[in-house]
Amino acid sequence: MLSRLFAPKVKVSAHCDLPCGVYDPAQARIEAESVKAVQEKYQANEDADFRTRAVLIKEQRAELAKHHVSVLWSDYFKPPHFEKYPELHQLVNDTLKALSAAKGSNDPATGQKALDLIAQIDTIFWETKKA
């Protein structure tokens, strides 16, 4: 009875439990590096079971990379950043699309494209930290 009385009425989720302020594109880069590495391993292995596992892992890592990029876009970058870097909205969108493409492909070139775009976000991110 008491547990229902004190149970939360609304369930919420966030990047973390508190607005910690700890952000870093390295999280997205590491996941995207995993995507590309798995794509390369997939290409080098003919075993059907291995390939099935590789696809599952690649798709999970691509989703994590997309999550980390989205968190940067929605929680870290603020209007002054978008004013100074007007290309940032399109860059984030292109990065998310590239990660989706890599998720659906076993071609390491798609993983590399996502990594290249994350590198551009990384450059802007660290420039904003200097300000």
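A residue is called buried when its relative accessible area is under 20%, exposed when over 50%, and partly exposed in between (1.4 Å probe, protein chains only). This is a predicted model, in which local features need pLDDT of at least 70 and side-chain atom pairs count only at pLDDT 80 or more, while totals for chains, interfaces and linings use all residues. Residues are numbered from 1 along each chain as its sequence is written, and side-chain values use heavy atoms, with hydrogens and water left out.

**View 1. Val92, a buried residue of helix H5.** Val92 sits in helix H5 (helices are DSSP runs of H or I with at least four residues, strands are runs of E with at least two, and both are numbered from the N terminus). Val92 counts as buried because its relative accessible area is 4%. Look for its contacts (heavy atoms within 4.5 Å): leaving out residues up to four places away in sequence, Val92 touches Val69, Trp73 and Ile121. Leu117 is 25 residues from Val92 in sequence, yet their C-alpha atoms are 8.2 Å apart in space.

**View 2. The largest nonpolar core.** A nonpolar core is a set of buried Ala, Val, Leu, Ile, Met, Phe, Trp, Tyr and Cys residues joined through side-chain atoms within 4.5 Å. Here the largest one has 23 residues, and Val69, Leu72, Phe77, Leu88, Leu99 and Ile121 have the most contacts inside it. Helices H2 (26-43), H3 (48-76), H5 (88-103) and H6 (108-130) each give two or more residues to this core. The most come from H6, which gives 7 residues. Not counting residues up to four places away in sequence, Phe77 touches Leu72, Phe82, Leu88, Ile121, Ile124, Phe125 and Thr128.

**View 3. Helix H6 and its buried residues.** From first C-alpha to last, the 23 residues of H6 reach 33 Å, close to the 33 Å expected at 1.5 Å a residue (the expected span is 1.5 Å times one less than the number of residues). Among the buried residues of H6 are Pro108, Gly111, Leu115, Ile118 and Phe125. The buried residues of this helix pack against H2, H3, H4 (79-84) and H5.

**View 4. Thr128 and its polar partner.** Thr128 belongs to helix H6 and is buried, with a relative accessible area of 8%. The side chains of Thr128 and Tyr76 are joined by a polar contact of 2.6 Å (a pair of N or O atoms within 3.5 Å; within protein, one must be able to donate a hydrogen and the other to accept it, and residues adjacent in sequence count only if both atoms are side-chain atoms).
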